[in-house]
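Trainee: I would like to work through this structure one question at a time. Please put it up first.

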Amino acid sequence: MSTSGYGRAMLLLLCLPIVFVAGCWDSKDIDNRLMLGVMGLEKRSVDSPLNVWFRFPLPKGAQDGTTSKQDFFTTNQYGQTVSDAMNKVRYKLPKALDPSSTRAILLDESLAKTGVDPYLEFAIRERSVPLDAVVAVIRGNMERIFTHANPTGELTGIYTKLFFEKYAGGIPRKNRTMLWEVYAKLYNPLHSNLIPLLTEGKQNSYVLAGNAIFVKDKLVGELNLDESLLYEIFTHRFHDSEVELMSKSDIRIVHNHTRVSTSFKDGKPIIRLDTSLVTTLIDSSRYRRQNASEVVAELEADLNAHAKSMFEKTQRLGADVFGFGDRFRIRLQPSEYEKWPEMFKHAEISYSFRVDLRNTGLEFLD
């Protein structure tokens, strides 16, 4: 065979695979898909079937010629598993169900108390739902949340995600937790889950109530909003700024840094947290005056009280939501990892706050 003939043969051979992989024979046009915005998992009792809620945003073109003003479509489906419900709901949808656009997964509080692992495993195995979807626990009527319009008009799913986003509605007390974080901690005995807890709102879709504490995959307690602020500070998740309300003044925390040091003493974990806060005075009472040192003293007292109640709750439950156990990983044998929750219950935890108060104003100071 000549050189030119050999070259043509090789070119033909290289082009053959293109014949088998080219084309869009298994695709569906965007107008033939229902893009899932947010999914809700509800299970009222151990014996009741799983109820999965689906909410889809509707493009404006889909609303033309209809009397409905809604920009979303909601349905629900019972099933033994999430995958079973997703498969069954396809029988009553006029378009293909596309979960790849899911922005949030909402877990009913009752389901969270029985264990969430069996209901989130599908997302990790199938990879149909984005792993960066936010996860939250809902206390209230799941049906109302899914069937009522969002008050600010954002598209379904986007509203939920923006509620936690730093660049949008997120503030430090709003602890944003993503699906991959939840699943990773389910199998890490050194780090427990802390998932935002939302209550049904009267005017808004929902209101932040605090954060749900998990031991393994079960909801066992909660942190209130003040305790959640300390969690954000101690775990370096604090962003933007946050207001702390006190009896005679309002303080904005604009920057913080926490140094965590750990050690073992007689087999007991020793954890020391030293926090530095930069704050500004944003309001003060004109009738109950305080000087700068009194404001700082009151703020430190409040922070110490919040930290004390937060650690009492988490240690009593053996729920290391802070990830301190990861700092002891190299000091423990792999066989001892499962003992960490019990070790955390008896850990010696101390903390201190150094507050730099700025913007007090000349008139305010004595």
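Trainee: What covers the buried residues of α4?
Mentor: This is a predicted model, in which local features need pLDDT of at least 70, side-chain atom pairs count only at pLDDT 80 or more, and totals for chains, interfaces and linings use all residues. Helices (H or I, at least four residues) and strands (E, at least two) are DSSP runs numbered from the N terminus, and buried means under 20% relative accessible area, exposed over 50%, and partly exposed in between, with a 1.4 Å probe and protein chains only. Contact means heavy atoms within 4.5 Å. The cover includes β2 (38-42), β3 (50-57), α2 (82-89), β6, α3 (109-114) and α7.

Trainee: Which residues of α4 are buried?
Mentor: Residues are numbered from 1 along each chain as its sequence is written, and side-chain values use heavy atoms, leaving out hydrogens and water. On that numbering, helix α4 takes in residues 117-126. Its buried residues are D117, Y119, L120, F122, A123 and I124.

Trainee: How many residues of strand β7 are buried?
Mentor: Strand β7 runs over residues 134-139 and is mostly covered. The buried ones number five of its six residues.

Trainee: How many bridges join β7 to β8?
Mentor: Two strands pair if DSSP finds at least two bridges between them. On one pairing, strand β6 (residues 104-108) runs parallel to β7 with five bridges, and L106 has A136 as its bridge partner in β7. On another, β7 runs parallel to β8 (residues 194-200), with V137 partnered by L197. The bridges between β7 and β8 number three.

Trainee: How far apart are the C-alpha atoms of I282 and D250?
Mentor: I282 is in strand β13 (residues 268-284). Leaving out residues up to four places away in sequence, I282 touches V243, D250, I251 and R252. I282 counts as partly exposed because its relative accessibility is 38%. I282 and D250 are 32 residues apart along the chain, yet their C-alpha atoms are separated by 5.8 Å.

Trainee: Which residues are in contact with N256?
Mentor: N256 lies in strand β12 (residues 249-265). Its relative accessibility is 13%, so N256 counts as buried. Leaving aside neighbours within four places in sequence, its contacts are I233, F238, S276 and L277.

Trainee: Which element gives the most to the lining of the second largest pocket?
Mentor: On a 1 Å grid over the protein atoms alone, a cavity is a set of points where a 1.4 Å probe fits but cannot get out, and a pocket is an open set with protein on both sides within 12 Å along at least five of seven lines; lining residues have an atom within 4 Å of a point. Points are joined across faces, edges and corners, and a volume is the space filled by probe spheres set on them; for the second largest pocket this is about 250 Å³. Its lining has 17 residues, with N188, P189, K216, E338 and P341 closest to the centre, and the elements giving two or more are α7 (179-186), β9 (206-215) and α11 (340-345). The element that gives the most, with three residues, is α11.

Trainee: How many charged residues line the largest cavity?
Mentor: The largest cavity holds about 90 Å³ of space. Twelve residues line it, and V38, R55, I145, N150 and T160 lie nearest its centre; α5 (142-147) and α6 (158-164) each supply at least two. Ala, Val, Leu, Ile, Met, Phe, Trp, Tyr, Cys and Pro count as nonpolar, Asp, Glu, Lys and Arg as charged, and the others, Gly among them, as polar. The lining has six nonpolar and five polar residues, and the charged number one.
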